[in-house]
Amino acid sequence: RNLPTHYVLGSCFASLLMGTGTSTLFVLLFCGMSAQVKGGAMDSKCLLKGEAFFVCRVNCGPMKAQVLRANIHSHGGTVCSVLDHNVSIVLFDKSCEDNPDKMSEVRSHLANAKDDVKLVSSRWLEEVVEKKVWKEPVTFSKTESPAGSPSHKRDLMALDEAPEDKTGNAKKIRSQSDNPSTKGTKELHEDADAKGEASSSFQDPSAPLPAVPKYKPNSSRPPPPLSGDFRSALQRIVSNPDKHADIIFIRTQAAIVIYDAFPKAIHHLLVLPTADILSVSKLTRAHLPVLRELHRVGLHVVAALRSEGAEGFRMGYHSVPSLNHLHLHVISADFRSPCLKNKKHWNSFQPPFFVDSMAVQEEVERTGTFRVEAAEAEEKLKAPLRCHRSDQAECKSLPQLKQHLEACKLPVAEGKIY
């Protein structure tokens with residue numbers, strides 16, 4: 001299946017010159033050479049061809065799972081929605097490695113998989129994708145090994161990390177960091193401030209929300225003010241909302257919903273918390289009530305707009321936002337707008353750079369934070385232009401992509417739609 005075109009042409013040419021018998025030797029030779037293709041650099045679109053992966057939130061967390069799935073799709077692999085006999089590789093991340101209980105849970109799910117399924121660290125996939133060179137994965141043991149046993153140590157050393165990093169020490173350190181008795185005075189004050197800020201800024205989740213007005217298209221709204229520092233524009237709105245009444249869609253005690261000044265779709269709104277939260281990178285578990293309230297307000301808006309005939313919506317956050325102050329994007333999945341002008345605009349609203357609202361909540365609840373490598377995230381903005389409704393449709397330019405989108409009627413292939 002990975003036989004390069006020039007090998008096939010070469011074998012055909014040999015059969016013409018030397019007859020069928022001699023050409024058989026050439027075909028065998030070419031096939032032998034092609035079998036080694038996975039051992040060296042190759043076309044990234046075929047890098048994972050033939051491999052079927054299982055990636056789930058339990059194994060990797062919602063945000064990491066989203067990134068891994070995107071990498072698998074773009075390099076020719078298949079992502080299975082259930083762990084069955086089609087799966088050849090089950091991935092897990094570092095949070096599982098550091099947690100024996102979680103590893104036990106992952107192993108327990110392998111009962112329905114085929115006998116030769118491989119349990120592999122997600123770092124193997126990241127390395128293969130980065131270097132664009134296939135290498136056989138190091139497989140973790142699929143059965144439970146007693147701590148300290150030789151097989152347990154082999155499991156730990158397989159990932160080239162010291163065994164002491166894989167014992168219960170990491171778990172113990174984490175539990176100490178969550179224990180108020182082991183924290184310093186400054187840390188306790190910071191935790192209390194964050195919890196106080198979060199709890200005082202959101203309203204009862206059962207409280208009624210205001211009626212949603214008719215959406216005004218960008219052409220009927222006044223141009224956005226361009227004075228002042230661009231990055232702090234949202235902070236100025238939250239600090240003095242009355243001054244910006246013309247761009248406010250609805251308001252609640254906990255959130256302000258505004259029109260995006262440069263919408264990238266027919267409908268594009270931002271949900272801002274009234275709490276002072278700089279960015280997704282500053283989130284802690286204390287902010288979970290705020291995240292849930294932003295999500296609730298977003299769903300309220302989406303329900304009203306869809307009842308008016310709007311398409312499905314994405315709701316999420318940029319992994320590296322360009323504006324200060326946390327903001328949830330509520331954007332229709334049509335992506336039809338004159339403000340959508342370049343590859344960066346397009347990719348910033350596609351996974352994995354664009355992270356679903358629920359995935360952010362689950363990641364913060366699971367790990368206590370939301371960490372993103374800025375340089376790695378920025379690389380995602382340089383990805384090829386692909387239709388979000390068909391992973392296979394790659395376009396050379398944004399005008400070509402927009403033309404394709406007008407004709408494409410397939411359902412959205414990747415990322416949650418509300």
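**View 1. Cys80, a cysteine tucked away in this predicted model.** A residue counts as buried when its relative accessible area is under 20%. Cys80 comes in at 13%, so it is buried.

View 2. Helix α11 covers residues 288–307, 20 residues in total. At 1.5 Å a residue it should span 28 Å, and its end C-alpha atoms lie 29 Å apart, so the two agree. Just past α11, Gly309 has a positive phi of about 105 degrees.

**View 3. His325 in the β8–β9 loop.** His325 is in the loop that links β8 (313–318) to β9 (328–332). This residue isn't a glycine, yet its phi is positive, near 90 degrees. His325 is also buried, at 3% relative accessible area.

View 4. Phe335 sits in the loop between β9 and α12, and it has a positive phi of about 50 degrees despite not being a glycine. With a relative accessible area of 2%, Phe335 is buried. Ring pairs tie Phe335, Trp346, Phe349 and Phe354 into a cluster. The whole structure has eight aromatic pairs.

**View 5. A cis peptide bond at Pro352.** The bond from Pro351 to Pro352 is cis, with omega near 5 degrees. Pro352 lies in the loop between α12 (343–347) and β10 (354–356).

Note on methods:
Residues are numbered from 1 along each chain as its sequence is written. This is a predicted model: local features need pLDDT of at least 70, side-chain atom pairs count only at pLDDT 80 or more; totals for chains, interfaces and linings use all residues. Side-chain values use heavy atoms; hydrogens and water are left out. Helices (H or I, at least four residues) and strands (E, at least two) are DSSP runs, numbered from the N terminus. The expected span of a helix is 1.5 Å times one less than its number of residues. Buried means under 20% relative accessible area, exposed over 50%, partly exposed in between (1.4 Å probe, protein chains only). Rings of Phe, Tyr and Trp (its six-membered ring) pair if their centres lie within 6.5 Å; planes under 30 degrees apart count as stacked, over 60 as edge-to-face and the rest as tilted.
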